[in-house]
2 protein chains.
Amino acid sequence: MRGMCELLGMSANVPTDICFSFTGLMQRGGRTGPHRDGWGIGFYEGRAVRTFHDPQASADSEIARLIHRYPIKSRIVISHIRRATHGRVCLENTHPFVRELWGRAWTFAHNGKLAGVKRLPVGAFRPIGTTDSEHAFCWMLENVRRQYPRPPARPEGLFRLIEALSGQLAALGTFNLLLSDSRFLFAYCTTNLCWLTRRAPFGKARLLDAEVIVDFERETTPDDVVTVVATRPLTPDEPWHVMSRAEFQIFDDGRPLRPTAAVMEPMP
Amino acid sequence: MRGMCELLGMSANVPTDICFSFTGLMQRGGRTGPHRDGWGIGFYEGRAVRTFHDPQASADSEIARLIHRYPIKSRIVISHIRRATHGRVCLENTHPFVRELWGRAWTFAHNGKLAGVKRLPVGAFRPIGTTDSEHAFCWMLENVRRQYPRPPARPEGLFRLIEALSGQLAALGTFNLLLSDSRFLFAYCTTNLCWLTRRAPFGKARLLDAEVIVDFERETTPDDVVTVVATRPLTPDEPWHVMSRAEFQIFDDGRPLRPTAAVMEPMP
């Protein structure tokens with residue numbers, strides 16, 4: 001698993017505080033840690049998304065500190081922690097990527113390689129950086145817009161389209177995806193993606209080997225529902241749904257919309 | 001001047017540290033100060049832009065602290081400090097606004113009112129929030145894309161187009177603009193915009209009544225050139241170029257491209 005990027009997403013039915021404590025990162029604090037290749041995070045607020053990108057390790061701790069102290073309430077969060085060097089490390093190449101479609105911010109984070117993806121035609125959405133991922137995002141969004149110049153009244157066709165486009169990209173290699181249109185959180189799995197739905201009261205979840213603690217606080221009403229999606233199970237003692245190859249899931253208001261496959265037993 | 005928004009921009013020939021010390025803001029720190037309506041800032045890094053938006057006063061100090069401590073080097077900066085309440089205060093309505101065109105991030109900040117601007121047709125670029133300003137930006141960018149589906153080899157026609165579009169918007173009311181395509185910084189003035197070109201070594205500039213100190217540090221080679229654009233002169237003792245109504249200026253590598261009008265005498 002070493003050398004892979006970590007994806008982390010959240011869908012909730014109410015704006016939820018999510019505090020990221022990059023404790024290990026902040027202790028190491030240098031250019032030698034595993035996160036030297038940057039990370040990024042997007043918090044939705046309505047139809048807009050607030051993003052923080054950190055291509056440089058030396059700066060990590062400042063932004064991590066901000067996010068730790070700054071109570072950002074959001075219903076949808078998408079984060080990407082880069083662990084391997086493929087492509088130049090710079091802001092332009094740092095996930096998540098954002099584009100506007102239908103007057104909504106769309107946010108995309110991907111893990112995996114896609115051979116020949118740059119041969120896919122992009123339309124009006126053009127990559128700013130040089131990554132395969134951003135090219136895939138632009139291609140995907142152009143196809144969504146061609147089929148739906150306006151947001152569809154009912155989303156089922158959109159769901160099928162995003163699943164089909166994800167399948168086409170997955171045929172080029174590895175395509176673990178987190179995507180949002182500001183209302184839904186979409187997840188597509190090739191190799192590593194799992195999720196867990198929690199209800200209040202929320203505790204802490206420790207990302208097993210990435211020194212990231214996700215802390216859900218404040219929102220503790222009995223009706224709160226929060227789903228966390230991650231590259232690997234974050235906790236050893238909860239029943240994570242481990243997604244299978246080519247599995248696609250949609251989260252709305254913290255809940256999965258599609259029937260769920262087998263639940264992984266809690267690890268002993 | 002009270003109740004207006006402040007625009008602040010920078011164009012430089014080398015990536016320049018720009019430290020914003022929101023000292024007055026951080027001392028007041030509450031919802032009672034003049035900045036309670038939010039502010040935003042975008043720092044270009046290559047063709048991408050790093051933005052920070054703060055719609056809420058209570059959060060201001062955290063992001064202001066980050067920007068103060070975090071040495072962001074940039075060749076182009078655009079900032080907007082909102083001082084008046086028109087439109088709901090939320091992330092979606094907080095300048096600067098960003099869209100991608102030609103694989104470059106375009107950033108837009110505006111001050112003024114534009115009567116009936118929402119009757120102008122927008123194409124593929126749609127507003128995410130409800131402000132007149134974002135609508136104007138979407139209309140402007142759609143017109144740029146229609147005329148230039150690809151970036152022009154020579155920029156003179158683009159300059160004329162942006163000036164003409166700015167003039168059409170200004171006919172609807174007040175249009176003080178800062179805009180960038182990641183290479184150039186464009187400024188259009190209806191009522192209040194001025195600029196000053198400085199060369200190394202740089203000192204401090206105090207924004208006269210906004211408790212904002214702009215501090216240019218580190219970059220002190222003799223070849224450095226930095227232009228600052230602001231709603232009003234930032235300093236009492238330097239020769240600011242006060243732009244006149246309908247004046248348009250383009251900054252490239254820290255220098256104005258168009259012949260400059262009369263220079264305001266330093267204030268006594």
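**Close-up views of a two-chain predicted model**

**View 1. The two copies meet through the same surface, because 100% of the interface residues of chain A are also interface residues in chain B.** This is a predicted model, in which local features need pLDDT of at least 70 and side-chain atom pairs count only at pLDDT 80 or more, while totals for chains, interfaces and linings use all residues. Residues are numbered from 1 along each chain as its sequence is written, and chains are lettered from A, with ligands numbered from 1, in the order in which they are written. In total, 27 residues of chain A are in contact with 27 residues of chain B (contact: C-beta atoms, placed from the backbone, within 7 Å). The elements that give two or more residues to this side of chain A are β3 (48-54), α2 (57-69), β5 (97-101) and β6 (104-111) (DSSP runs numbered from the N terminus: helices, H or I, of at least four residues; strands, E, of at least two). The largest share, five residues, comes from α2(A).

**View 2**

**View 3. Strand β8 (residues 184-189) of chain B and its partners.** Five of the six residues of β8(B) are buried, so the strand is largely enclosed by the rest of the structure (buried: 20 or more other C-beta atoms within 10 Å of the residue's own, all placed from the backbone). Strand β7 (residues 176-180) of chain B runs antiparallel to β8(B) and is joined to it by four bridges (strands pair if DSSP finds at least two bridges between them). Leu177(B) has Tyr188(B) as its bridge partner in β8(B). Three residues lie between β7(B) and β8(B) in their hairpin, and Ser182(B) in the turn has a positive phi of about 95°. β8(B) also pairs in the antiparallel sense with strand β14 (residues 247-252) of chain B, over six bridges. There, Cys189(B) stands opposite Glu247(B).

**View 4. Helix α3 (residues 132-147) of chain B.** The 16 residues of α3(B) reach 23 Å from the first C-alpha to the last, close to the 22 Å expected at 1.5 Å a residue (expected span: 1.5 Å times one less than the number of residues). Of these 16 residues, 13 are buried, so α3(B) is largely enclosed by the rest of the structure.

How values were computed
A residue is buried if 20 or more other C-beta atoms lie within 10 Å of its own, exposed if 12 or fewer, and partly exposed in between; C-beta atoms are placed from the backbone.
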